[in-house]
Amino acid sequence: MVPVSMLTSTPTAPAGSTSSTQGLSLRGMTKRFGTLTACDHIDLDIVPGRIHCLLGENGAGKTTLMNLLYGLLPADEGSISIGGVEQHFRDSRDAIDAGIGMVHQHFMLVNVFTVAENIVLGREPGAAGLLDIRSARANVRRLSARYHMDVRPESVVGDLPVGVQQRVEILKSLANDAKYLIFDEPTAVLTPQETDDLMRIMHELRDEGHAIVFITHKLHEVREIADDITVIRRGRVVGKAEPGMSELALAEMMVGRSVSLTVDKPPATPGEPVLRVSNLKVADPSGAVVVNGVTFDVHAGEIVCVAGVQGNGQTELAEALLGRVPVLEGSVKLEGADLTRARVKTAIAAGFGYVPEDRQSDGLIGKFSIAENLVLDQVESFSRFAWLDVGGILDNADKLAAEFDIRTPDVTLPATSLSGGNQQKVVLARELSRPLKLLLASQPTRGVDVGAIEFLHARIVAERDKGTAVLIVSTELDEVEALADRIAVMYRGKLVGIVPPDTPRDVLGLMMAGVPFEEAASIGTHPAAPTGGPPGPGGTDVPTSGEEAKA
């Protein structure tokens, strides 16, 4: 367990930093949504010249607290003061005027505008209603050079990589003279190299005297960058931690119990190919091709993880495999059966198990009971003469709730009564409660705390060891490295390569940015030769070089 001394110690500001009397203080911050108390009388001090990490599970109240600070939500109770002066923010404009900036997890940028136009939006320099674009561009160049961000003011935001778009968000706050910067899950959409660059930028901002709040649930990032750590659980501060604490100790604080951060996974023993995907091409509703010529196999008894930054075609790939979106070209075969243009119901009957990336929209019917959600795709098995077998449905729910540790006082309660982790357990339990040939899971632990992640990973590995082919789509590189027997990296709708699970993280990061494996391995600090695992579609673990992905 975590020593009490580590929970209560107060870090001392480094020499040269601004004293906490000039900092920002939150006292008794409380926010309720109906019967749910998202933030429960939270106190927090944010000191210039330090990076303060808010650590907690998804849904713990971290983002809600920062939305209160940034004026996006009104607080039910509590106060905010800067330099000892109480503040009253009616909206985000008031917070910005007080020197607070926020880099949101989902960027607040206009894609068709240039960098300069985005940065001055709402505070346009000029007279008589005319934009002084020269002045705006000059300001971008000055800030970009000062913080070594290398952003061109003339670039259209929609054409920029995600990591550069994030720099634009940061420059926008700095252009507004923000002294207190909030980063909300800033690494969720970044490659490892982009994450390293963001860490450098945050250190530079801290050393110049900015106060930084870093919201995350990634333990290694907290240990790498934090000066101060506050742990929030279920809307309450449960303690302060030292950056030197182990990831295991931090995880225990987050969850409130002992957890394992490693996946106990014996070597895979792959069998014959179960899923064969050949030259698959898929378009989005606008007609743009988002999956372009993708070819790969998944064998019985192995886990293939599709890695990549969100928005590179992984979502559309998963939905096309199941039949949720139409296929333009190519084929999808499950043990020889052609499912290329099959309906979802046909794919499920053929042995597809599907865990969607958005459980609330696509995996559950919130108003239905937990028991009903556990049989959504198996209603025929729980009906007699057009009547539902209510007793059978309840018995099934009780059995699965016990087997999958679904924590609820009553399976007749609506699915919305469950926490995110327990909702995800319902979806996985339903899919694994019937014989499967292939389990397809998109973002299987998104929005789930480390305790539930531990359980979900163990069940996925157990399904693999039963001989099921498993395809995981995940933007969490830690998850990919923990689960994968082979890793397929996607970039702009194409497969850059299929590599073994021990491929160095820096090489994977370069591949996620579109660099083919051979080139990435030569650039990376620890080049790795593709070894182990069943062959990819080209007869080796690394199929095509992915030169097209560089374009």
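**Notebook: rings, charges and a sheet**

I looked for charges over rings and found Lys31 over the face of Phe33, 5.5 Å from the ring centre. My criterion was NZ of Lys or CZ of Arg within 6 Å of the ring centre and within 35 degrees of the ring normal. The model is predicted, so I noted the limits: local features need pLDDT of at least 70, side-chain atom pairs count only at pLDDT 80 or more, and totals for chains, interfaces and linings use all residues. Residues are numbered from 1 along each chain as its sequence is written, and side-chain values use heavy atoms, without hydrogens and water.

Next I checked Phe455. The charged end of Lys425 sits over its ring, 5.0 Å from the centre.

Then I looked up aromatic pairs (ring centres of Phe, Tyr or Trp, its six-membered ring, within 6.5 Å; planes under 30 degrees apart stacked, over 60 edge-to-face, the rest tilted). I found one. The ring centres of Phe404 and Phe455 are 6.2 Å apart and the planes stand at 70°, so the pair is edge-to-face. Phe404 is in the loop between α14 and α15, Phe455 in helix α16, 51 residues apart. Both are buried (under 20% relative accessible area, 1.4 Å probe, protein chains only).

Last, I traced an open sheet of four strands, ordered β12-β11-β14-β15 with antiparallel pairing. Helices (H or I, at least four residues) and strands (E, at least two) are DSSP runs, numbered from the N terminus. Pairing takes at least two DSSP bridges between strands. The edge strands are β12 and β15. Five bridges join β11 to β14. Leu275 stands opposite Leu334 in β14.

Conventions:
Buried < 20%, exposed > 50% of the residue type's maximum accessible area, 1.4 Å probe, protein only.
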